[in-house]
Amino acid sequence: MNAPASRPVQSPEVALEPYKVRNSKSMGDRGEWIVRSAFARFDLVALGIAMGCVGALCLWAATAVLLVKEAPSGVAVGPHLALLANFLPGYNVSWPGSIVGLFYGFLLGLGFGVLIAMVWNIAHHIYLVQAVTRRYFAGDL
Amino acid sequence: MLDDAEGKVLNAAIRVNTIIIAVAMGLLCGAILWSSTAILLLRGGPDVGAHLSLLSVFFPGYSVSWSGAWIGLLWGFVYGALSGIVLYWSYARTLHERLCELLVDSPAASTLTPPIFLFSGNGLGIGLGTLMALQLLLTTNWLVARGTASESNNAALLSQYLPGYTVSFSGSIVGALELFAVAFVASHVLAGIYNTVTRLRATRDMAAP
């Protein structure tokens, strides 16, 4: 956990800024490091883009699987998945429809990702403000 | 290794995070079910929401009506919150103290602006995979237990995506394993994109004057 004094410990994932708190041997600092890192926030844009891409890929793949499998002649392909057109105008189970699905999947994933990140970040911010205020007035963090 | 006191702090933080993600996912799922019902009701037409109303098999009291939409909001909240708890709990338990290392710190980070969270593809894969596999097991076996497995034509359509899946106990095991694998791969894609974009944005912020 504690690194040699000459070489600051950095995040194993990305080396942007040394983890100064982690270099400290003080129990208070280590506790603060754990609290700060356990309450890390989401990158709103990144989560939106990532969930958008996965959403787009899922809807496109769901459509493509049905199209590749095909249906007996005279039978509609994917009548149940096609019901999504009730919510996503322009979508249908066809190759052009799968491109429309790609767009809607991205849009929905983006929206869900941004919403989840917003709720997470706002809730954490409120919790941290409360904790800091309590420590300031009562010293009981 | 964390000592006892540090472990307690981390576990307390995980509990708070679990509540937050449960509320977030509960609100999201409740809103999705409410708005899906509302869209169908506003569009109108004969036999409105024949397929969506099948959710009443799992959510007693739900129907495609205005009163059903509000019951759906409650059920959606419960379902989303439980899903959030299983997802975050299994993610955090898989990583535990590594949870504190998957971060991007920046000069802007302070007590009130914590560092940014990075995903572990494996941790997320196990969390999401467990959640989705559990959901498929529970829903399929609920249909089996109530004796409507042979009539569950819509559920059986999942075999289009999960070969070997049937509305039976053995079929649910096969489907759950396949769904776990799909969720695991999707989680790696999600984690990869999220971590890349986060790093790019953090590097750009660091370079900014």
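Which residues have the most contacts inside the largest nonpolar core, and how many residues does that core have?

A: The model is a predicted one. Its largest nonpolar core has 75 residues, and those with the most contacts inside it are Ala38(A), Leu47(A), Ala50(A), Met132(B) and Leu190(B). Helix 1 of chain B, residues 4–43, supplies the largest share of this core, namely twelve residues. In general terms, nonpolar side chains tend to be buried together in soluble globular proteins.

Met132(B) may be taken as an example. Beyond its neighbours within four places in sequence, Met132(B) is in contact with Leu179(B), Phe180(B) and Ala183(B).

The boundary between the chains comes next. Here 48 residues of chain B are in contact with 47 residues of chain A. On the chain B side, the elements that give two or more residues are helix 1, strand 1 (103–104), strand 2 (116–117) and helix 5 (169–207). Helix 1 of chain B gives the most to that side, with 16 residues. By class, the chain B side that touches chain A comprises 34 nonpolar, eight polar and six charged residues.

Within chain B, the assignment gives domain 1 (1–101) and domain 2 (103–209). The C-alpha centres of these two domains of chain B lie 14 Å apart. Their contact takes eleven residues from domain 1 of chain B and 13 residues from domain 2 of chain B. The side of domain 1 of chain B that touches domain 2 of chain B has six nonpolar, four polar and one charged residues.

Conventions
Residues numbered from 1 in each chain as written. Chains lettered and ligands numbered in written order. Predicted model: local features only at pLDDT ≥ 70, side-chain atom pairs only at ≥ 80, totals over all residues. Core = buried A, V, L, I, M, F, W, Y, C linked by C-beta atoms within 7 Å. Buried ≥ 20, exposed ≤ 12 C-beta atoms within 10 Å, placed from the backbone. Helix = DSSP H or I, 4+ residues; strand = E, 2+ residues; numbered from the N terminus. Contact = placed C-beta atoms within 7 Å. Nonpolar A, V, L, I, M, F, W, Y, C, P; charged D, E, K, R; others polar. Domains from an automatic or database assignment.
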